[in-house]
Amino acid sequence: MASALSSNLATKPLGLITPQDVAGMDSIKELKLSRDGSRVVYTAGPAYKSGDNKTSAIWVADTSTENSARPLTSGEHRDYSPVFSPSSSTEVYFLSDRGEAGGSGHLYRLSIGGSVIDVEKGVVSVVQLGDRQGVGSFAISPDGHFLAFILETKVLKKGEKETIKIWREDKFYNTLRLVDLRDSSKSSRELVSENAHVVSFTWSPDSAFIAYRLLSHADLEAKVGLLPETEKIISIASHETRDAFQYARPPRSDTVWREQGDFVFLQKRQPLELSSVDTLWSWAPSHEKLSETEAEYLAYGDTNDLSRITDLQRNSQYVVEVAENLITKLDIWEKDNKYGFTVFQTEDHFAIHDWDMILTEDGKYIFVAIKSSAVSGELSNIWSGATEYGQKGILSKKLSSHNPWFESKLVPNAKPFYWKGTDGFQLEGVISYPKDVELKKLPTIIVAHGGPASRDTLGLELAFSRWRPFLASHGYLVFSPNYRGGLGRGDSFAMAANGVGSIEWLDIEAMIEEGIAQGIVDPERIGIGSYSQGGFLAAFGVTRPNNNFKVAVIGAGVTDWGMLAATSDIPDLEANLGGGAPWRAGEPVYLKGSPIKDVKNVTAPILLVHGKDDARVPVTQAISFVRGLEREAKLEVPPKLVIYPREDHGFEERGNCEDILTRVLEHVQKYLKV
């Protein structure tokens with residue numbers, strides 16, 4: 001199909017990227033390799049739902065064969081979290097809402113072979129659950145005999161009306177249960193049930209034990225805040241439980257339990273500093289005093305940081321994902337927690353968004369990744385590669401061809417951009433600009449990433465909140481700065497986020513000034529528009545005295561850090577970023593970085609877009625900002641706030657995605673002419 005489409009492009013002009021394109025695209029994720037590395041399973045389906053429920057299908061590809069991706073399930077349900085059995089490359093376990101559309105996930109198994117219809121007929125339930133129960137996560141033991149899962153019990157079923165409740169009162173705790181896969185009865189037995197939530201677990205390499213973690217609450221506030229987290233170990237045979245370790249705060253990854261008995265995981269370089277970057281830690285328990293053994297920092301965090309750790313399930317090796325400037329590396333670690341080598345590294349023209357890796361019996365490192373490129377105009381697809389010890393591998397085979405419509409689009413150019421901050425610090429970011437247009441004195445939009453614990457790379461990502469390639473395709477030069485406070489540059493770089501509205505804004509201003517000095521930015525045609533933390537920066541920018549922005553879009557942006565700390569679902573982190581919280585005694589320093597106190601300086605036409613049910617940045621942030629503008633600013637164009645029903649911080653509905661992109665484009669085009 002892709003080749004036929006390509007042959008038609010010679011006679012048909014390429015089109016611009018439209019809101020309908022983004023809203024209707026497919027999303028691919030959740031890559032998992034078979035134990036022998038011969039196959040990869042993943043999920044693919046509409047990025048945004050057009051009906052009541054989201055759907056996705058399980059897909060499979062042969063890692064040695066290009067364009068081998070094919071669906072296993074119909075896509076009529078939400079099938080997700082697929083994994084291979086450790087003993088088979090033809091047997092796949094997954095979660096699905098096929099028992100009740102939009103309901104809790106239940107466990108199923110399928111065998112690869114034949115058509116989608118044949119596979120669907122062979123899908124079987126793995127374990128019988130109760131009426132209000134669902135599976136949060138699951139993992140199969142290394143020997144393939146058992147499957148453990150976290151059981152979640154819902155107080156309300158889908159569609160039921162809410163009742164009076166006490167905030168954070170838990171009627172049901174998440175428990176840990178076990179299924180014997182050699183038993184056909186579909187029954188499970190309870191392993192762990194305490195007055196706390198089981199939030200994650202890890203199998204021992206010999207399948208005899210499970211290490212599991214407990215938290216007093218299972219909400220996001222507990223998981224990313226400063227509450228301690230307890231790790232315990234339970235025997236599968238005897239059910240004997242022993243305390244293992246008390247984390248000062250929840251670790252940043254699941255635990256990898258290695259063959260020699262130690263544990264490795266990701267944790268903040270400074271565990272009690274919420275803006276600190278993720279780094280590599282080890283815990284080697286003493287059998288005599290198990291719970292008194294302290295964790296040890298191993299590596300990373302000075303000039304880079306980590307975002308993931310994966311067990312290679314052989315020779316006690318594991319792999320970590322390293323964010324370093326615009327590059328992503330995969331580093332192999334081996335016995336005695338010693339660095340081995342970099343097995344893969346992105347280049348200066350593409351990025352990866354998800355990956356998996358396996359070490360085979362014959363010593364091959366097989367890896368797959370979702371790869372995209374803003375430089376060559378490639379949307380995300382799955383690629384595979386292989387290498388040997390000590391040799392850096394490449395992604396050599398393209399396995400999938402999702403979203404073939406993208407070949408008919410005129411994709412903008414993109415490249416790295418470098419400049420220095422006001423203090424001489426070397427900075428970098430990404431710029432995108434229209435194809436076949438001279439890079440000279442162009443109308444410019446600042447689109448800053450969210451987070452702030454994030455970064456812009458040279459990947460090509462389209463979404464309701466990612467506006468860089470979308471706006472660039474419509475004639476704008478788009479600047480995306482990797483400002484201080486983000487990822488990829490180490491701990492001191494990230495810690496600059498503490499007390500927002502300072503150095504990160506100076507970094508953005510310096511990028512604009514460098515663009516003007518190079519002659520690529522038209523100083524009289526500059527706008528700003530971003531989402532989340534980027535939305536805060538848009539609000540902060542247009543409230544600076546004597547700013548020259550001609551248009552602004554504030555997407556789910558923070559305008560009052562004190563109010564945010566009091567109302568967000570991650571209050572500790574928001575208070576850390578803003579510099580304080582209303583409940584802390586003393587001067588309200590969070591006002592320093594709050595745009596709302598400077599609304600009198602706004603002159604640009606402003607569009608605000610926000611989800612009605614946003615728990616991260618509640619819609620009251622936008623409403624209060626509009627109220628301030630109406631009372632204090634002298635605007636020729638009144639601000640417009642668009643509130644999207646049923647949407648949280650991340651949008652899910654196709655119609656809302658299409659609408660937000662349409663409004664953003666129309667607003668920018670109206671006040672910033674190309």
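Student: Is Asp 336 buried or exposed?

Tutor: In this predicted model, Asp 336 sits in the loop between β23 (327–334) and β24 (338–345). A residue counts as exposed when its relative accessible area is over 50%. Because its relative accessibility is 59%, Asp 336 is classed as exposed.

Student: What is the phi of Asp 336?

Tutor: Asp 336 is a residue other than glycine, yet its phi is positive. The value is near 60°.

Student: Where does Lys 441 lie, and is it buried, exposed or partly exposed?

Tutor: Lys 441 is placed in the loop between β30 (426–433) and β31. Although it is not a glycine, Lys 441 has a positive phi of about 45°. Its relative accessibility is 49%, and therefore Lys 441 counts as partly exposed.

Student: Which peptide bond is cis?

Tutor: The bond in question has an omega near 5°. Its proline, Pro 452, belongs to the loop between β31 (442–446) and α5 (468–472). The cis bond runs from Gly 451 to Pro 452.

Student: Is Ala 374 buried or exposed?

Tutor: Ala 374 is found in the loop between β26 (365–373) and β27 (378–387). Its relative accessible area is 5%, and buried means under 20%. Ala 374 is therefore buried.

Student: Which residues is Ala 374 in contact with, leaving aside its neighbours within four places in sequence?

Tutor: Contact here means heavy atoms within 4.5 Å. With its neighbours within four places in sequence set aside, Ala 374 is in contact with Pro 412, Asn 413, Ala 414, Leu 458, Gly 459, Leu 460 and Arg 468.

Student: How many Å apart in space are Ala 374 and Arg 627?

Tutor: Along the sequence, Ala 374 and Arg 627 are 253 residues apart. From C-alpha to C-alpha, their separation in space is 39 Å.

Student: Is Arg 182 buried or exposed, and which residues is it in contact with beyond its neighbours within four places in sequence?

Tutor: Arg 182 has its place in the loop between β11 (175–180) and β12 (189–192). With a relative accessible area of 54%, Arg 182 is exposed. The C-alpha atoms of Arg 182 and Gly 144, 38 residues apart along the chain, are separated by 9.2 Å. Once neighbours within four places in sequence are left aside, Arg 182 is in contact with His 145 and Phe 146.

Student: How far apart in space are Glu 76 and Ala 57?

Tutor: Glu 76 is in the loop between β4 (70–71) and β5 (79–84), and its relative accessible area of 60% makes Glu 76 exposed. Glu 76 and Ala 57 are 19 residues apart in sequence. Their C-alpha to C-alpha distance in space is 7.5 Å.

Student: Is Trp 405 buried, exposed or partly exposed?

Tutor: Trp 405 lies in the loop between β28 (397–398) and β29 (413–420). Its relative accessible area is 22%. Buried means under 20% and exposed means over 50%, so a value in between makes Trp 405 partly exposed.

Student: Why is helix α8 described as largely enclosed by the rest of the structure?

Tutor: Helix α8 comprises residues 533–542. Among its buried residues are Gln 533, Phe 536, Leu 537, Phe 540 and Val 542.

Student: Which residues does the UniProt domain annotation cover?

Tutor: The annotation comes from an unreviewed UniProt entry and reads "domain: Peptidase S9 prolyl oligopeptidase catalytic". The annotation covers residues 464–673.

Student: What is the radius of gyration of the chain, and what would a compact globule have?

Tutor: The chain has twelve helices and 36 strands, and its C-alpha trace spans about 75 × 70 × 55 Å along the principal axes. With 674 residues, a compact globule would have a radius of gyration near 26 Å. The value for the chain agrees with this, at 25 Å.

Student: How many positive and negative side chains does the chain have?

Tutor: The centres of the two sets lie 4 Å apart. The chain has 73 positive and 90 negative side chains.

Student: What percentage of the residues in the chain is buried?

Tutor: The chain exposes about 28,000 Å², of which carbon and sulfur atoms supply 48%. Of the 674 residues, the buried ones make up 55%.

Conventions:
Residues numbered from 1 in each chain as written. Predicted model: local features only at pLDDT ≥ 70, side-chain atom pairs only at ≥ 80, totals over all residues. Heavy atoms only, no water. Helix = DSSP H or I, 4+ residues; strand = E, 2+ residues; numbered from the N terminus. Rg over C-alpha atoms; globule rule 2.2 N^0.38 Å. Buried < 20%, exposed > 50% of the residue type's maximum accessible area, 1.4 Å probe, protein only. Areas by Shrake-Rupley, 256 points an atom, 1.4 Å probe, with all protein chains shown as cover. Lys, Arg positive; Asp, Glu negative; His and termini not counted. Charge placed at Lys NZ, Arg CZ, Asp CG, Glu CD. UniProt positions renumbered as here; feature names shortened; annotations may be inferred.
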